[in-house]
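Please consider the following briefing on the strand pairing, cores and helix packing of the structure shown here.

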Amino acid sequence: MENITIQLPDGSKKELPHGSTGLDLAASIGPGLAKDAVAVSIKGEQFDLLDALPDKSEVSIITIKSAEGLDIMRHTLTAQVLASAVKNLYPDAKLAIGPTIEDGFYYDFLFSKPLSVDDLPNIEKEMNEIISDKSNITKTLHNKDDAISIFDDMDETFKAEIIAESEQQDNFQIYTQDNSNFKDLCRGPHLPNLSLIGEFKLTKVSGAYWRGDSSKPMLTRIYGTAWNNKKDLNNYLERLSKAEEVDHRKLGKEMDLFHFQEEAPGMVFWHPKGWTIYTQLQQYVREMQKKAGYFEVNTPEVVDRKLWEKSGHWDKYRENMFITEIDEEHANEKRTNALKPMNCPNHVQIYNQGIKSYRDLPFRLSEFGKCHRYEASGTMHGLMRVRGFTQDDAHIFCTEDQIESETKNFIDLLSSMYHDLGFSDFKIKLSTRPEKRIGSDASWDKAEKALQDAIEKLQLPYVVDEGDGAFYGPKLDFVLTDAIGRKWQCGTLQVDFNLPGRFDSTYIGPDGSKHIPVLLHRAALGSFERFIGILLENYEGKLPLWLSPTQVVIAAITDEANDYAEKLNERLSNHKLRSELDIRNEQISYKVREHSLNKIPYIVAVGKKEVTDNTVSVRKLGQDKNVVISLEEFIKEILLESKNPLDK
């Protein structure tokens, strides 16, 4: 048969026999590449290394040393090795799903008996036994009926359900290993053999509902991480250990900031010190948004279902909404309400009050909107994922021509806020039109170009996530990097051509006729609760002075210094500084140790000598030695350092 022609990323071409695979292509280029090759990419889509290559295709080789190769290795490890090990040890366990996640993977199983972290070493041992065989991995393709039959015969009900509910009719991929009866359904690609598996560690166990639905079975989720070598694995485990040390839940307890309890799952009980952080952050955001031209509003938390039906949330988001019913006093009917899961429909109601002209646009509304969303109990995680939260939410009503300038303005605002809060490094992701969407191609072209032009004019790097936009428009996501290298998606900007039309929102254009505005949904910090959790972990509880709930503790060394300490505390309080007095009958070393554990930025010790000299002995958090300075100099320095970034 005739040869096929393959184009390589550098523009060169290769002639190969018909039926050649990615491995054949790699071998034709060089033995080193063939050794490292794990899969191929054809027009951005990944395929197994042993799949036959189509003629006249553009092919790039994915190696084990690349980020894509590492992800494929993790995918193979969870779908083939972890799942196979669990089935060997627990034959009655049922397989659910096993995707990769950032830095690792997980697999969901249904066990007949509870599993705990104490069982993980035994599973790891079995995984290493499987890997030691260095088995080849083989893929076979099946039609829908045959695939269902295979997993029905294996009593793998979750796999059979996935296939049955798929719109796909053919080419279901089932992977097996040499000398093994294990089979798994997977989208692939997988490694060609297990010899390419690097270093791994199973990390934790948690619960997760099948398909995230609380009405379905609770599964056991086993998490793990995998890297190409021992050094990378150890570096990651060190970061993980560091993350446990700075866990915001641990810090929240030590610093007396907040708590959770069973009577209000996923809802935060803010203590006085925690609420101080919250209000200081809120006031900062408020002033920044006011300077940027936003009008702050406040809208109801409980709204009739009719509004949510009109917005589309009732159909698309109802399972995540808290629903309430009341008997109307003057009507023989029940009214169905919902706690708002988001603020956008309410902001449209404010926009719609009165006639708007093009001269009124852009029209910017902001709200510290309290929202409620149902999260499954197994997914909640301290402040990071809650059921009740407040967003620094805002909506901009504008013309299509204003999308680019408003995008630039928001990125400028967000950049300033992140910088002030200690995050100089963030990434931008541009998510483009999904396959299922509303609106014309022309409007999508304009929106995507406006977002892209705005980022490029600011000379900011970004990545494009093809097809991951909202159904109503493209979006930008802003991802922070914290002090230990973790990524946090916080800010977002979404372009919406849909919601204003649903609510008949209009403005009078220069031509005197009505036009529908574009709606930009945006948040810089996102959830206040989550962002405070990120701040606590990023700073290890040692917050900037302006955010610290207690900025100074004045600790008396002897009773003779009590009056001096009280007068200093009064002076600091008069300057609006958050100071506390400690005149307990305790050793000064005990007081310093206690307040240091509570992450107090400044501990001021005063004794007989300080009273006589009109000085203070100051220890700054994180330093081992005290510095003695004059009282007036200390007050001057602390006032300067404690200023809000807006006042500096």
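Two strands are taken as paired if DSSP finds at least two bridges between them. Helices (H or I, at least four residues) and strands (E, at least two) are DSSP runs, numbered from the N terminus. The model is predicted: local features need pLDDT of at least 70, side-chain atom pairs count only at pLDDT 80 or more, and totals for chains, interfaces and linings use all residues. Residues are numbered from 1 along each chain as its sequence is written, and side-chain values use heavy atoms, with hydrogens and water left out.

**Strand S3 and its partners**

- Strand S3 (residues 37–42) has 6 of its 6 residues buried, so it is largely enclosed by the rest of the structure; buried means under 20% relative accessible area, exposed over 50%, and partly exposed in between, with a 1.4 Å probe and protein chains only.
- S3 runs antiparallel to strand S5 (residues 57–63), to which 5 bridges join it; Ala37 has Thr63 of S5 as its bridge partner.
- S3 also runs antiparallel to strand S4 (residues 45–48), through 4 bridges, and Ser41 is partnered there by Gln46.
- The hairpin of S3 and S4 has 2 residues between the strands, and Lys43 in this hairpin takes a positive phi near 55°.

**The hairpin of S1 and S2**

- Strand S1 (residues 4–7) and strand S2 (residues 13–16) are antiparallel and joined by 4 bridges, with Thr5 opposite Glu15 of S2.
- In this hairpin 5 residues lie between the strands, and Gly11 takes a positive phi near 95°.

- Strand S22 (residues 426–431) runs parallel to S23, and 4 bridges join the two; Ser431 stands opposite Asp465 in S23.

**Nonpolar cores**

- A nonpolar core is a set of buried Ala, Val, Leu, Ile, Met, Phe, Trp, Tyr and Cys residues joined through side-chain atoms within 4.5 Å.
- The largest such core has 58 residues, and those with the most contacts inside it are Leu281, Tyr418, Leu421, Leu476, Phe478 and Phe531.
- Helix H13 (residues 403–420) supplies the largest share of this core, 7 residues.
- A second, separate core of 41 residues includes Ile64, Ile131, Ile197 and Leu233.

**Packing of H9 and H16**

- Helix H9 (residues 272–291) packs against helix H16 (residues 528–538) at an angle of about 110°, with the axes 11 Å apart; axes are lines fitted to C-alpha atoms, for helices over the stretch in contact, and angles run from 0 to 180 degrees between N-to-C directions.
- H9 and H16 are therefore roughly perpendicular to each other, a class that covers angles of 65 to 115 degrees.
- Contact (heavy atoms within 4.5 Å) is made by Ile277, Tyr278, Leu281, Gln282 and Val285 of H9 and by Phe528, Glu529, Phe531, Ile532 and Leu535 of H16.

**Surroundings of Ile508**

- Ile508 is found in strand S26 (residues 507–508) and is partly exposed, with a relative accessible area of 26%.
- The C-alpha atoms of Ile508 and Tyr358 are separated by 5.9 Å, although the two are 150 residues apart along the chain.
- Not counting residues up to four places away in sequence, Ile508 touches Ile355, Lys356, Ser357, Tyr358, Ser513 and Lys514.

Notes:
Angles under 35 degrees count as roughly parallel, over 145 as roughly antiparallel, 65 to 115 as roughly perpendicular and the rest as oblique.
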